Amino acid sequence: MAWGGGGFGGGGAIGPPGRPVNGLPFGGIPSELQEGVNRLLATEPDHGPIAAEFSQRPTPEERTKLSLWTLLTEYPWLLVAATLFVITVAVAQQAGPTLTGIAINHGMAPGHRSMMVVGVVAAIYLLTTILAALGQRGQAKTTGRLAASVMNDLRVRVFLHLQRLSLDFYTDEKAGVIMSRMTADIENLQQLLQDGLAQLVLQALTMTVITVVLFVLDVRLALITVFLIIPITTVLTLWFRRQSERGYLRVRDGIASVLADLSESLHGVRIVTAHNRQRHNIVHHRNVVGDYRAANNFTAQIAAVYGPGTQMIGWLGQAALLAIGGEMVLHHSLTIGALISFFLYLNRFFQPIQLLAQQYNSLQQGQSSIVKLRGLLETEPTVQEAPDARELPAINGEIVFEHVSFGYQPGTVVLEDIDLRIAPGETVAFVGPTGAGKSTLAKLIARFYDPSSGRILIDGHDLRDVTIESLRRQLGVVPQEPFLFAGTIRDNVAFARPQASDEEVWEALRTVGLVEVIERLPNGIHTTVHERGQSLSSGERQLVALARAFLARPRVLVLDEATSNLDLQSETKIEAALDVLLENRTAVLIAHRLSTAMRADRIVVVDGGRVVEVGTPFDLMERKGRFAEMYATWMSHVG
Ligand code: ADP
């Protein structure tokens with residue numbers, strides 16, 4: 001359903017109320033179009049009620065170990081139905097040769113009865129064919145549904161887990177891994193569930209059914225088939241599987257190298273020309289392409305052994321059967337019908353072996369994906385909520401660091417024995433060289449990490465004793481790089497309080513001085529901003545981030561000042577916005593410009609993970625210590 005809870009019922013006002021576009025009132029849908037709209041809405045997919053629950057601690061179901069079995073048994077009825085369909089297909093598909101044998105033995109003699117036998121057998125043949133086709137349809141539908149449901153649950157489960165993980169997990173290096181889990185691994189599983197597993201079971205069942213039928217038809221011939229033909233084919237198939245895996249890897253690496261080399265020489269074409277490297281490049285490219293050709297040759301060669309090889313085994317088998325079976329028919333120890341059935345079954349024996357080898361690959365890939373996804377799901381957040389965590393009551397905003405030490409990795413020290421008290425309503429600026437630990441201090445206040453030793457108190461509550469949700473609700477964080485989500489300006493400003501009214505959003509925008517800019521946009525606050533906010537200037541993006549913090553009205557604000565070079569106008573606007581934003585709330589400011597630091601109530605100079613100076617800007621200038629020195633250097637650069 002589009003546009004939230006309002007709905008389209010009642011035939012009256014349609015669309016988001018109170019959203020005049022460019023000053024025109026929205027008049028509703030003309031009555032002649034209403035029916036079409038209703039019809040269209042009736043076909044909208046229903047994703048169920050949007051009532052997602054989120055808690056920091058996983059539920060017992062979310063803690064169950066991920067395995068193919070636990071995934072599949074979530075939908076027992078679909079699983080049972082799929083199994084029944086597969087059994088139906090396996091049996092119905094293999095009725096043909098037996099029926100042919102019966103028709104030959106009992107229907108090929110002259111006489112009135114023969115006609116009837118042939119007629120009945122043909123009818124049964126037709127029925128089994130229809131049954132097999134229906135079974136296949138049913139199987140494809142149920143396994144498709146099963147796969148879709150299981151994958152949906154898995155995607156949501158992994159996503160939910162990602163929402164819960166602590167920030168230390170989200171390093172750049174991990175982002176690639178997460179994406180590969182969510183795409184390649186989930187894709188592998190999807191393939192396996194949609195068709196792979198069903199095919200595996202179907203082919204294994206088909207082989208079992210054929211083997212049983214062969215033994216029922218004639219034990220001696222069946223023994224020859226099973227002990228002679230199957231082992232040779234299996235060995236050949238296993239050899240082919242191993243070789244083709246190797247070949248596939250070589251081909252994949254080969255084409256990747258060709259493309260990489262091509263792209264490099266295209267990008268570096270100017271330097272190549274300038275340095276006369278064309279001849280060298282051609283030699284290099286010829287080598288890369290040559291490797292690729294060798295890899296392709298290799299796969300062609302193994303395919304050239306395997307295909308004709310299995311065929312030859314089949315023909316040899318048939319020849320042996322013909323000799324032995326023919327002899328038996330002559331001695332009346334085997335009927336012609338049974339011999340023909342045997343022949344037909346033999347032909348059908350090879351395909352399942354080949355398909356099993358293929359599907360086995362996808363089973364292995366799926367299993368390894370499950371293991372990787374399980375690893376991800378079993379990663380515990382490093383910042384854990386205590387089981388007896390209490391709700392943090394409304395705070396005044398006093399922040400106290402008590403002997404806090406911290407390191408990102410065990411053994412490394414980033415902050416050492418920090419003691420600091422920030423009074424309610426105070427604005428404190430952290431200054432110091434890059435890598436001193438300023439951002440780390442700010443991250444600890446928001447409990448993105450826990451101290452290795454010591455504690456941090458807000459209004460006397462240890463951060464580790466209160467629920468993470470109640471802490472973050474009263475805390476605003478404005479990062480250095482403002483991130484705008486795909487959506488409207490309104491969505492972005494009201495990010496922390498989506499239920500805020502349009503008036504509140506406008507008020508926040510007014511506070512940061514963005515009203516004029518937004519009013520110029522085609523749809524005001526309902527204008528869509530592109531991902532990462534490409535359509536707004538960097539100064540405007542920062543102002544939107546400030547408006548977002550203003551609307552959330554946190555008691556404590558942690559703000560990492562933007563370092564990007566802004567034009568003077570944007571900078572003035574941001575400084576004015578900060579004045580309003582910081583009023584009446586505790587604020588921790590990571591100040592990159594010393595002019596910002598000078599506006600704070602107090603300045604904390606951090607260096608090498610320690611607090612080296614604390615005081616009002618005036619005091620610190622008077623003291624002629626570290627800050628005064630930094631200020632003098634800065635002034636000489638700016639001035
Ligand atoms: P500042 O904000 O003062 O520039 P930071 O608090 O960002 O400094 O960094 C302090 C130290 O911690 C630096 O040596 C930095 O390399 C290290 N550091 C910061 N973030 C991480 C991280 N996620 N993992 C490991 N080390 C980090």
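These legends describe close-up views of a predicted model.

**View 1. The residues around the ligand.** Twelve positions are labelled here: Tyr408, Val414, Pro433, Thr434, Gly435, Ala436, Gly437, Lys438, Ser439, Thr440, Lys443 and Tyr449 surround the ligand. Sorted by class, this shell holds five nonpolar, five polar and two charged residues.

**View 2. Polar atoms facing the ligand's oxygens.** A polar backbone atom of Gly435 sits 2.7 Å from an oxygen atom of the ligand. Lys438 also takes part through its backbone: one of its N or O atoms there is 2.9 Å from a ligand oxygen. Ser439 uses its side chain instead, placing an N or O atom 2.5 Å from an oxygen of the ligand. How much of the ligand's accessible area does the protein cover? On its own the ligand has 560 Å² of accessible area, and the protein covers 64% of that.

View 3. Ser470 belongs to helix H13, which runs over residues 468–473. Is this serine buried or exposed? Ser470 is buried, because its relative accessibility is 0% and the cut-off for buried is under 20%. Its side chain makes a polar contact with the side chain of Thr467, at 2.7 Å. Look further along the sequence for other partners. Setting aside residues up to four places away, Ser470 touches Arg390, Glu391 and Leu392.

**View 4. The largest nonpolar core.** In soluble globular proteins, nonpolar side chains tend to be buried together. The largest such core in this model has 46 residues. Which members touch the most others? They are Val431, Val493, Leu509 and Leu546. Helix H17, residues 538–552, gives the most to this core, with eight residues.

**View 5. Leu546 and its contacts.** Leu546 is one of the core members that touch the most others. Neighbours within four places in sequence are left out here. Beyond them, Leu546 is in contact with Val478, Val512, Leu559, Ile574, Ala577, Leu578 and Leu581.

**View 6. Phe159 in helix H6.** Helix H6 covers residues 112–164, and Phe159 is found in it. Phe159 is partly exposed, because its relative accessible area is 48% and exposed would need over 50%. How far apart are Phe159 and Met598? In sequence they are 439 residues apart. In space they are 43 Å apart, C-alpha to C-alpha.

How values were computed. Residues numbered from 1 in each chain as written. Predicted model: local features only at pLDDT ≥ 70, side-chain atom pairs only at ≥ 80, totals over all residues. Heavy atoms only, no water. Helix = DSSP H or I, 4+ residues; strand = E, 2+ residues; numbered from the N terminus. Buried < 20%, exposed > 50% of the residue type's maximum accessible area, 1.4 Å probe, protein only. Polar contact = N/O pair within 3.5 Å; in protein donor to acceptor, adjacent residues only side chain to side chain. Contact = heavy atoms within 4.5 Å. Near = heavy atom within 4 Å. Areas by Shrake-Rupley, 256 points an atom, 1.4 Å probe, with all protein chains shown as cover. Nonpolar A, V, L, I, M, F, W, Y, C, P; charged D, E, K, R; others polar. Core = buried A, V, L, I, M, F, W, Y, C linked by side-chain atoms within 4.5 Å.
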